[in-house]
Amino acid sequence: MYAPERQQEILRLARDGGRVDVLSLAEEFQVTAETIRRDLKSLDRAGLVRRVHGGAIPAGRLDFEPDLAEREGTAADEKDRIAHAALAELPAEGSVILDAGSTVSRLATALPLESELTVVTHSLPTAARLADHPGVQLHLVGGRIRHRTRAAVDAWSLRAYGEIRADVLFLAANGFSAEAGLTTPDLAEASVKRATVAAARRVVLLADSGKWGQEHFARFGDLADVDLLITDTGLAPEDAAAIEAGGTEVLRV
């Protein structure tokens with residue numbers, strides 16, 4: 001296969017899957033990783049993809065935000081493992097903030113019936129999952145509801161989070177990296193996430209490894225703002241070590 005043919009196929013895979021990674025492409029096309037990096041560099045120069053850590057995403061996807069249903073089905077096994085690992089970080093009879101996100105929502109579903117917690121959330125799906133939980137004192141933060149994420153945003157939400165101090169925040173992000181920090185496509189969502197970080201004594205980021213290296217339009221914090229990152233084993237050990245060198249503990253499950 002000639003380079004232009006391979007690059008056209010790489011572009012198709014990126015558009016179909018939303019992301020491609022160097023090692024998988026090298027294996028699929030039976031070429032070296034360096035050859036794939038040159039292909040991605042050529043596609044990047046042509047404005048067809050945007051290179052990110054370990055691979056590339058289609059041009060224009062930095063602002064792309066999948067619908068909630070699509071996100072629920074992405075990396076489902078990894079998200080389940082992350083959510084169950086996060087149970088160990090719940091305080092005993094304390095207070096938690098649950099951010100809007102598919103992995104955080106899985107944590108809400110996995111919450112043991114014997115848990116006795118005060119839970120604050122601006123996520124409608126998460127609140128619905130906890131509404132009948134016998135041990136949870138649930139506080140639903142209000143505001144304008146974004147249809148794509150079913151999360152409350154804007155002034156009401158920001159004011160509510162400015163009035164509390166929770167033990168632990170379970171945070172979500174669309175992308176995280178050493179360079180860009182914590183990012184999401186929407187400025188209003190970013191503002192609420194920033195407010196939740198300020199409202200908690202401890203911050204636990206729940207993010208599958210596919211979000212590592214991704215950068216989106218709205219930045220809401222640094223990795224240094226996160227006390228613990230719980231992710232899956234798809235995050236390379238050397239990347240985990242680099243994150244920990246910045247002061248964030250990493251748990252790969």
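Modeller: Leu113 sits in the loop between helix H6 (102-110) and strand E5 (117-121); helices (H or I, at least four residues) and strands (E, at least two) are DSSP runs numbered from the N terminus. Bear in mind that this is a predicted model, where local features need pLDDT of at least 70, side-chain atom pairs count only at pLDDT 80 or more, and totals for chains, interfaces and linings use all residues. Residues are numbered from 1 along each chain as its sequence is written, and side-chain values use heavy atoms, leaving out hydrogens and water.

Leu113 counts as exposed because its relative accessibility is 62% (buried is under 20%, exposed over 50%, partly exposed in between, with a 1.4 Å probe and protein chains only). Leaving aside residues up to four places away in sequence, Leu113 touches His133, Pro134 and Gly135, contact being heavy atoms within 4.5 Å. Take Pro134: it is 21 residues from Leu113 along the chain, yet their C-alpha atoms are separated by 6.8 Å.

Now for something else: an open sheet of three strands, ordered E10-E11-E13, with antiparallel pairing (two strands pair if DSSP finds at least two bridges between them). E10 (175-177) and E13 (218-221) are the edge strands with a single partner each, so one side of each has no neighbour in the sheet. Three bridges join E10 to E11 (residues 181-184), and Gly175 has Thr183 in E11 as its bridge partner.
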